[in-house]
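Work through these exercises with the model in view. Try each task before you read its solution.

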Amino acid sequence: MLPDEDGVAAWLRYAALPESQRTATNSPAIDTVIVLGDEASDASSPLSVAGRELVDGISKILGRSVSLGSSSSQHTSSTLVVGVRDAFTLLEGVPSSSPLDHTDGYWIDPASSSSPSRIIGHDARGVLYGAFAYLSKLAQGRLSSEAWGSSPRAPIRWINQWDNMDGTIERGYGGRSLFFEGGAIREDLARVKEYARLMASVGLNGIVINNVNANASLLSEESLANGVKRVADIMRPYGVRIGLALNFDAPRTLGGLETSDPLDENVVAWWTEKTHLIYKYVPDMLGYTIKANSEGQPGPLSYGRTLAEGANLFAKPLSQYGGFVFYRAFVYDHHLREDNPKNDRANAAVDFFAHLDDAFDDNVVVQVKFGPIDFQVREPVSPLLARLRKTKAVIEFMVAQEYMGQQTHAVYLAPQWQEVLAFDMRVDGKPSLVRDILSPSGPFGWPTTGYTAVVNVGRDTTWLGHHLAMANLYAYGRLTWAPESDARVLLDEWTRLTWSTDPEVVETLGNLLMDTWPAYEGHSGNLGIQTLCDILYTHYGPSPASQDGNGWGQWTRANAKSLGMDRTVATGTGFAGQYHPEVASVYEKIETTPDNLLLWFHHVPYTHVLKSGKTVIQHFYDAHYEGAAMVQTFSQRWASLRGKIDDARWEHVAFKLAYQAGHALVWRDSVCRFYHSLSGIDDDKKRVGHYAHRYALAAPSPNVVLDGYTPVDARLPESASNGKAVQTEEEKSGKVTITLDVDSAVYDIAVNYFDTSVGRASYSLAVNDSTVGTWQGNLQDRLGHDFSEYIDGHSATRIYFRGVALKGGDVLIIEGQPDGKERAPLDYVSILPEGVVD
Ligand code: GCV
């Protein structure tokens, strides 16, 4: 049996390469690692980290004794010599133009019979990246005798953490903050070091450690000297530099000034002094990230100044230290009026920023979310990325799956990012792929451009709350380095490193995870309607109604006859016209808009016929059923890997996938019911509203008897059968008795119930007095997403009891014991013949 693992090592486990997979080339007989250069012995240099990492990694992967040699040791075929280019006297075999000519680049030359292996870096960080690249190939059994090299396409390869100083993380699903607790930086930063190591191993080089909804007290001298400095010192040896998110209003709230007006001389002086202070403790600080005039945050517009004046306020003092301002383009009015058909939140980024292209200082970089709204399951690429020319920009992705299952659902996002990066913006009618725009060699020639992503790892040993979610962090890092990479190739690398080099594991898990984004899109929101989650509450479960009727502007404009946002120039909000003409003309017309973005750009009747030949409404029904059906397969596919990976991680994932299967059905039913009731149009396949195997407990039926249970309205009607659940009285248990009307056979029994955050109710299920199983409503302890207090699509969940022999007249009894305000709420029971999912 394989030893249990907890996930902390992630893809840097350095598991022993199985004997059966070893060859002379993929398992070189290295016994000494020699690090060249004076910095080799300086523990804070990436060079010395590279040496230690190689010794540790090679010994573990190949199970041999490896030691660090001194630079004067003999170079033989069993030595691995590493160092920066200038430290090598002989660069034989290195092409004259190579990745070594670029910052962070490396060249790797595996050993031949007469010469040592070499890892050569353009600079110390390049050596470290080369060391990790070498170890990655070695651990995957993929080291060959070919030399190879690589350098990153973009200089900015960052992470944003949304950590609060009280230790919580906004939209974080992997436990409490690695960085903060109780209003200060934590004493124990061991995991921060491990985080820096993981980052370096995939080429990430910067991190903003605090929430963009920033707490100004991070900038107190005490906090800088005793906290922020320690974080920077710990991450620096891994080539990771830190940045800080600032609160625009800090001069007032922290500094006691009367204003935070960016043109006020006291405000300028305050930020200048603060910047000096920060650099005193962190001399290589990357810069500041600013969220201003966004979602209630103050900003320059609050003082009648432009966004550029706001950004330049920080740029000036930073410039003398080589620091950057990352000014977020996520500026929009969240009190927008839906009754004006011209209003559109998607227009905001271009409206606010495009005309300021000449107005930003050189060291300002505009940080643009990949889509115009907010990390939805499907969005077109933000047009702002093609509208700034002089002003540099970075793209912002989200590894934390705020709108995509919050790391409770497995959703592999790299295929989505790959599509975004390969999108051609047709700037000036010329090929302009997003990934080229985000490179210094791209059409705008921005020297400082690249990537950032909201990651939100926490103290959970899984980092992100779900072992499978780490595929996203891995792929994100690798894409920032090589954005033309293929999502599947990256996934297979990750699987080999994280789980096993067994080809069956790689194939099974690869196929499974590649199905997750399409499945999630299928059951959550398709045709470009966005993720139909509850945007007024936790952003987790379904609530199609929540998109409209409020100022947030994530509208679908759904009514009884039609839905979708008309974003055309001709009749709509004009958003399509924010793209360069060739792209704009594709989106302007229904005929040329791809089906998967139809409702993003056009308002059409439910009966509109898609290119596929289906109507919009039938597509909705089918896609939701197909997406949810796909999710049901994940558990079985995962089950086939039992024994091929350790039990601890296997069980963690199995539990989450089983939960995901149940919640996918909640999604499917909620969304289908909502549009069925709104449009009044039936499902051709007669599935929506017809649940042949279910006993809905709140519906009057001669088969169902409630004792101590009474019907209650669900907060979101579509999230429960007929809009109602049943629950007990407070502090009193209740009983539901169902007389079954089934043929004699073996069935799976599914119980749909609601597991809220306000208690941990207990349940038991019996058939004819014989207990089938018991369970507790304690998912708030076992999952990690934003929980709900209510009976709704967030709390709705399902438990299965499989393979139960039943016959007509059998009596099924569920007893519920409330806990606190959670009154053991139940929705329905499904008696499912073998192979049926409903
Ligand atoms: C940090 C979304 C999230 C907010 C987040 C915001 C942002 O609206 O729901 O939690 O705030 O994006 O990106 O600033």
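Before starting, one term: domain bounds here come from an automatic or database domain assignment. The model is predicted: local features need pLDDT of at least 70, side-chain atom pairs count only at pLDDT 80 or more, and totals for chains, interfaces and linings use all residues. Residues are numbered from 1 along each chain as its sequence is written, and side-chain values use heavy atoms, with hydrogens and water left out.

**Exercise 1. The largest pocket**

Describe the largest pocket and state which domains it lies between.

Solution. 

Step 1. The search uses a 1 Å grid over the protein atoms alone. A pocket is an open set of points with protein on both sides within 12 Å along at least five of seven lines. A cavity is a set of points where a 1.4 Å probe fits but cannot get out. Lining residues have an atom within 4 Å of a point. Grid points are joined across faces, edges and corners, and a volume is the space filled by probe spheres set on the points.

Step 2. Give the volume. It is about 630 Å³ for the largest pocket.

Step 3. Find the centre. The lining has 25 residues, and Ser-635, Ala-658, Ala-661, Tyr-800 and Arg-802 are the closest to the centre.

Step 4. Assign elements. Helices (H or I, at least four residues) and strands (E, at least two) are DSSP runs, numbered from the N terminus. Among the elements that each supply at least two lining residues are helix H17 (616-639), helix H18 (647-679) and strand E27 (796-806). E27 gives the most, with five residues.

Step 5. Sort by class. Ala, Val, Leu, Ile, Met, Phe, Trp, Tyr, Cys and Pro count as nonpolar; Asp, Glu, Lys and Arg count as charged; the others, Gly among them, are polar. This lining has twelve nonpolar, eight polar and five charged residues.

Step 6. Domain 3 (523-548 + 555-565 + 603-679) and domain 4 (694-833) both give residues to the lining, so the largest pocket lies between them.

**Exercise 2. The second largest pocket**

Solution. 

Step 1. H2 gives the most, with seven.

Step 2. The classes are 15 nonpolar, six polar and five charged.

Step 3. Domain 1 (10-150) and domain 2 (156-498) both contribute to the lining, so the second largest pocket lies between them.

**Exercise 3. The ligand**

Which residues come nearest to the ligand?

Solution. 

Step 1. A residue is near a molecule if one of its heavy atoms lies within 4 Å of it. Of the 14 residues around the ligand, Glu-170, Lys-291, Arg-328, Lys-369 and Glu-402 come nearest.

Step 2. Check the atom pairs. Lys-291 has a polar side-chain atom 2.7 Å from an oxygen atom of the ligand. For Arg-328, a side-chain N or O atom is 2.7 Å from a ligand oxygen atom. For Asn-213, a polar side-chain atom lies 3.3 Å from a ligand oxygen atom.

Technical notes:
Polar contact = N/O pair within 3.5 Å; in protein donor to acceptor, adjacent residues only side chain to side chain.
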